Amino acid sequence: MAGVLHPQLLLLSRHYCRVFSVINSHIHTSSGLAAKDHYKVLVLGGGTGGIAMAARLKRKVGAENVAIVEPSETHYYQPIWTLVGAGAKTVASSARSTASVIPSGVTWVKSKVAQFDPENNTVHTDSGEKISYDYLIVALGLELHFEKIKGLPEAFEHPKIGSNYSVKTVEKTWNALRNFKEGNALFTVPNTPIKCGGAPQKIMYLSDSYLRKTGKRSKANIIFNTSLPVLFGVKKYADALWEIVKKRDLNVNLRQNLIEVRADQQEAVFENLDKPGETEVFKYEMIHVTPPMGPPAALKGSSLEDAAGWLDVNKYNLQHNTYANVFGIGDCTNLPTSKTAAAVAAQSGVLDRTISRVLKKQTPDKAYDGYTSCPLVTSYNTVMLAEFDYDGQPLETFPVDQSKESRVMYHMKADVMPQLYWHGLLKGIWGGPGPYRTIMHLGMK
């Protein structure tokens, strides 16, 4: 029933309240300490994984022994951009200063990583700094490559095109949607790994809902062109999503990869990945582009990367496969699971344990099971909460069928998860819902 919290959600909410009370008694600002040239723990990247691990390691080795290398002045809660692109949230609500999220006492090196020298336990920055470490945590995220699509990023200077994947383009999605008149509404998925694999179709469902709400749906032809051979990687949720697609008269074309945008003509060119050389041109009144993505440029050519350029770590303990004092977390790694904030949360708990054991000269004993989550927003008040592991098997927290659209799960996505992110995950005290899952399922998986 709408407006009534599920008992299990109530249980989590009580925990969050206890968490918030602890945090509010420890309000702090980031360190103004001058950077040293050596740290016991050096964290590369001030995104979700980097901040969470800095907070955890501060408690283990002391704030004065931890530094974060991060060039950006602003930290964003990117999962909310799905709702920003649909006009349901603001960009401002997703942003906080980097200084405000760096754990107090931890040194902020405001630079970019330029080069790795793991043989000598050293990192070089683009501002000429040479920083050595005892232990290194790589949390550099991934990079967007709009430029790999012909006509981008310059096409964003035109109306009718947007992307929820960048703070520079997410509001353009909303402008394109609210100014839609009639014609094709196109949504794309590239032929590369991406973060939040469900996001490209979330904005499709939200656009469908918006056009219905504003009386324009009958004039819209909604098209989802994806490079993938499936709608979603986990069959349970894919089957449920296909039912939504059919019910709402959405057009899904598999193995279609966007290669060009002709903004002045409102045309998008796609290649058929099953028939090399074959292309098709789609006219559009609106297009949402999910850009190709790739590993951090700083890893390129280093001995830390795997053959595809991602950080090469053990999939269970997140320790580098060559260098025992190097660890990785989040989107920059080659972990074979979906790249999401939920995955980072689960990884942070495991990595915390791994590093604790290594600090004591002990063997890592906790294994990451690949847990990740994708709250599939299907309208302005419903979500299908997909949770699964390395094997693509559902790993659901609540003792209900999460392949069903739920208003309670929308509340989780829109209102609870942002608070849990800022006040739990970034403080190093939220390592995912694993313990609650065990309780709610009476100890059974």
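This note goes through selected local features of a predicted model.

1. Basis. The model is predicted: local features need pLDDT of at least 70, side-chain atom pairs count only at pLDDT 80 or more, and totals for chains, interfaces and linings use all residues. Residues are numbered from 1 along each chain as its sequence is written, and side-chain values use heavy atoms, with hydrogens and water left out.

2. T173. This residue sits in helix α5, residues 170-178. Helices here are DSSP runs of H or I of at least four residues, strands are runs of E of at least two, and both are numbered from the N terminus. T173 is buried, at 1% relative accessible area. Buried means under 20%, exposed over 50%, and partly exposed in between, with a 1.4 Å probe and protein chains only. Beyond its neighbours within four places in sequence, T173 is in contact with G85, G162, S163, N164, I203, M286 and H288. Contact means heavy atoms within 4.5 Å. From T173 to Y135 the C-alpha distance is 41 Å, at a sequence separation of 38 residues.

3. V109. Strand β5 (residues 107-109) holds V109. V109 is buried, with a relative accessible area of 1%.

4. N225. Strand β12 contains N225. The residue is buried, with a relative accessible area of 0%. Leaving out residues up to four places away in sequence, N225 touches L186, F187, T188, V189, N253, Q256, F270 and F282.

5. Second largest pocket. Its volume is about 680 Å³. The search runs on a 1 Å grid over the protein atoms alone: a pocket is an open set of points with protein on both sides within 12 Å along at least five of seven lines, a cavity is a set where a 1.4 Å probe fits but cannot get out, and lining residues have an atom within 4 Å of a point. Grid points are joined across faces, edges and corners, and a volume is the space filled by probe spheres set on the points. The lining of this pocket has 32 residues, with I194, G197, L228, G233 and S338 nearest its centre. Both α6 (199-213) and β12 (220-226) supply at least two lining residues. By class, the lining has 18 nonpolar, 12 polar and two charged residues. Ala, Val, Leu, Ile, Met, Phe, Trp, Tyr, Cys and Pro count as nonpolar, Asp, Glu, Lys and Arg as charged, and the others, Gly among them, as polar.

6. Largest cavity. The count is one cavity of 30 Å³ or more. The largest cavity has a volume of about 50 Å³. Its lining consists of G330, D331, T333, L335, T337, S338, K339, T340, A343, V344 and Q347. Three of these are nonpolar, six polar and two charged.

7. S348. Helix α8 (residues 341-359) carries S348. S348 is buried, with a relative accessible area of 0%. A polar atom of its side chain lies 2.6 Å from the backbone oxygen of A345. Such a polar contact is a pair of N or O atoms within 3.5 Å; within protein, one must be able to donate a hydrogen and the other to accept it, and residues adjacent in sequence count only if both atoms are side-chain atoms. Outside the four places on either side in sequence, S348 is in contact with M53, R56, I329, L425, W430 and G431.

8. Helix α9. This helix (residues 407-425) has a kink of about 45° at V416, shortly before the proline P418. The bend at a residue is the angle between axes fitted to the seven residues ending there and the seven starting there. At the start of α9, a side-chain oxygen of S406 comes within 3.2 Å of the backbone nitrogen of V408. The helix is largely enclosed by the rest of the structure, because 15 of its 19 residues are buried.

9. Backbone points to check. Most residues other than glycine have a negative phi, and most peptide bonds are trans. The bond joining L152 and P153 is cis, with omega about 5°. P153 lies in the loop between β9 (143-144) and β10 (161-162). N121 has a positive phi, near 50°. N121 is in the loop between β6 (113-117) and β7 (122-125), and is partly exposed at 27% relative accessible area. K361 also has a positive phi, about 60°. K361 falls in the loop between α8 and β20 (372-377), and at 72% relative accessibility counts as exposed.
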